[in-house]
Amino acid sequence: MSTTRTPRTTGISHTPGPAHGARGASGGTAPARSRRPARDDPARRSAAHRAALLESMLGVRRFEERCVELYSAARIRGFMHLYIGEEAVATGVCAALTEDDAVVSTYRDHGHALARGIPAEAVMAEMFGRATGCSRGRGGSMHLFDASRRFYGGNAIVAGGLPLAAGLALADRMTSRSRVTCCFFGDGAFAEGEFHETANLAALWRLPVLFVCENNLYAMGTALARHQARTDLALRAAGYGMAAWAVDGMDVLAVEEAARSAAESVRGGGGPHFLEMRTYRFRAHSMYDPDRYRDKAEIARWKERDPIDALAVRLRADGTLTDRAFAGMERRVAGGIDRAVAAAEAAPEEPPEDLLTYVTSSGEASRP
Amino acid sequence: MTAVTARPATVPPATASRTTYREAMREALREALRADDRVFLMGEDVGRYGGCFGVSLGLLEEFGPERVRDAPLSESAFVGAGIGAALAGMRPVVEIMTVNFSLLALDQILNNAATLLHMSGGQLPVPLVVRMTTGAGRQLAAQHSHSLEGWYAHIPGLRVLAPATVADARHMLAPALADPDPVIIFEHGALYGTSGDLPADPAPAADLDHAAVRRPGTDVSLVTYGGSLPKALAAADALAEHGVSAEVVDLRTLRPLDDATVGGSVARTHRAVVVDEGWRTGSLSAEISARLTERHFYDLDAPVERVCSAEVPVPYAHRLEEAALPQVAGIVAAARRTLGPDVLPAPGADGAQAPGAGGAG
């Protein structure tokens, strides 16, 4: 890996187009920050690593496609928000984190959870509301948790996870632990007070938070330009006094590089960093959403930038991915999902007698 | 701070000492900060200012700005940060200036602090303490005076405390910090300047599960908490002058409610007056009244009476504010109604009011 750093920019195009276009400087919005050489890790950039990223994205995609079928069959209920189209963000960012780091997620959390390493069995069982689910059936699709992987959830209040992330990072700072708290949220959260309060607090106290804004251009059904007076989110985040730049969120390699660079800086005491991942969801907001607010042509244009196809094309072009290898990935992914579904189907349900368990730690005090 | 270690608590003074509620709370904070490096105090003006109500005065100098941490006016962010820090092993004490301001952090308190343990299937207990001022009586008008303890007591997953005495101000914080779940402590603003004797050492470990009978009696139970306790005790004095023996029960913990102590008192006296500075409709007093009729219907010799705040935003003007809040005369009048005219004729001058009237009187 080169030891020179890409200029911090907010100039990434947010229109579907060439995968690697428009990466020029536009105003130098990022504050000065320490420039240590990035760790050179050939293995990370090896063909095997890229193939692993591809398989990880494919795993998320196929998992959610199966979830759609299961939702139609009423095996999964409630609200379900699909990450399809945005897989490069979770995959690239989580590849740049260590086991000690923390992740705070949103209600669109399947991709984050799987990329963080929560087994598909535990996630699928949670979708089924089973006792073996990663939240023991109390959370469902929107509230996936895994304390052992420092995955602090699936928060379904837009921007509600941000203060939490600041606190996780504050604890690390106060105890001199060198860890990063990565907080995912969407462009919709940028309209919430909790984002602005937390951005200020994190910058003020130089908390080790990596803010990852998944700007998919819509806050549910309201387009970015219809909910933000200024749509350059990285530029505005930089105004809080933290390094901030925009990244092509459809390019998993660009995402990983940016996340690795930002995480290293956060870990090194550089204070909070903000990455605006310019991405797009291919499916509706949720299973209930008739998607009336988006132009079909717009969706089609973005699908041409499918992050999975894009990486597969690149790997094929440089000769590191064969059709046979790709078929092998599909097979492994499908097998894993088959096993997860079968396990979820067979898993026990939580008994109603345990309804009040986990309201308080002692159980006894759960009396009102 | 680099390590998380527990140090022994300081030895309390060996003799009983006169102290204020404010000083007792400060001493509790000091003890907690000394005893455990994981404990820190965070909130608006807790450091250099010394606390909006002077509770944390001097703690910044003793413990430094990392552990007595002034926060921006971002209730949601710093309460949420307290939750996150608690999840990551710290023991934060977050101070919110008043219960009215806490509404800006209600998302974090309800949707995260009270919910994460259950929503995560038991993986994420939140050992957080939130302290806030509550209550009226200081002419601070409608955005600094309300009593919303009942709202918080509505929420599963929280423990809600209302220390009403100097001893409870001194001794409820430590067990609150030891609780693995979120604890909300309501400090009535009118209590900060009150004084009392702290018992000599060894310091009693306050239990957080039981109400306390502050004054035994046989004729009627006055059930109350927080800033209304002094009023209930004064009402009991006034009733005693008329030969009525009133028992005063201090709830202390508003969630979970100690049904046994409240019910036990009513089983003895057969009459109950619930005094609650919250608004009457949907209040904590409504819950207590409902429980008494559910569980002690056949013990009761009279309908449960309630003395609550009038259903109006708390006004500024002194006479109006006084009229809006529970007062001693109103408590006495309510107690008389439970006793009936044959037992104790109510003189008209005492402002007795019909049940269900909004005003506290």
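# A guided tour of chains A and B

The model is predicted, and local features need pLDDT of at least 70, side-chain atom pairs count only at pLDDT 80 or more, and totals for chains, interfaces and linings use all residues. Residues are numbered from 1 along each chain as its sequence is written, chains are lettered from A and ligands numbered from 1 in the order in which they are written, and side-chain values use heavy atoms, with hydrogens and water left out.

**First stop: H5 and H6 of chain A**

Select residues 161-174 for H5(A) and residues 193-204 for H6(A); their axes come within 8 Å and cross at roughly 15°. Helices (H or I, at least four residues) and strands (E, at least two) are DSSP runs, numbered from the N terminus. Axes are lines fitted to C-alpha atoms, for helices over the stretch in contact, and angles run from 0 to 180 degrees between N-to-C directions. H5(A) and H6(A) are therefore roughly parallel to each other (under 35 degrees; over 145 is roughly antiparallel, 65 to 115 roughly perpendicular and the rest oblique). To see the contact (heavy atoms within 4.5 Å), show A:Leu162, A:Pro163 and A:Ala166 on H5(A), and A:Glu194, A:Phe195, A:Thr198 and A:Leu201 on H6(A). These residues comprise five nonpolar, one polar and one charged; Ala, Val, Leu, Ile, Met, Phe, Trp, Tyr, Cys and Pro count as nonpolar, Asp, Glu, Lys and Arg as charged, and the others, Gly among them, as polar.

**Second stop: H2 and H9 of chain A**

Next, select residues 87-95 (H2) and 252-267 (H9) of chain A, whose axes come within 7 Å and cross at roughly 40°. H2(A) and H9(A) are therefore oblique to each other, and the crossing is right-handed. H2(A) contributes residues including A:Val89 and A:Val93 to the contact, and H9(A) residues including A:Val255 and A:Ala259. The contact divides into seven nonpolar, two polar and two charged residues.

Zoom out to view chain A, which has 12 helices and eight strands. Of its 368 residues, 57% are buried (under 20% relative accessible area; exposed is over 50%, partly exposed in between; 1.4 Å probe, protein chains only).

In chain B, find the open sheet of five strands with the order S9-S11-S10-S13-S14 and mixed pairing (two strands pair if DSSP finds at least two bridges between them). S9 (212-215) and S14 (305-309) stand at the edges of this sheet in chain B, each with a single partner strand, so one side of each has no neighbour in the sheet. Select S10 (220-224) and S11 (246-250) of chain B: they run parallel, joined by five bridges. Within this pair, B:Thr224 stands opposite B:Asp250 of S11(B). Helix H10 (229-241) of chain B packs on the sheet, touching S9, S10 and S11, at about 170° to the direction of S11(B).

Select residues 259-269 of chain B, helix H11, where the buried residues include B:Val262 and B:Val266. Their cover includes S9, S10, S11, S13 and H12 of chain B. Just after H11(B), B:His270 takes a positive phi of about 70°.

**Last stop: the seven-stranded sheet of chain B**

Finally, trace the open sheet S3-S2-S4-S5-S7-S6-S12 of chain B, which has seven strands and mixed pairing. Its neighbouring strands are turned by 20° against each other on average, direction ignored. Two bridges join S6 (159-161) to S12 in chain B, and the two strands run antiparallel.

Conventions. Left-handed = near helix turned anticlockwise from the far one by under 90°.
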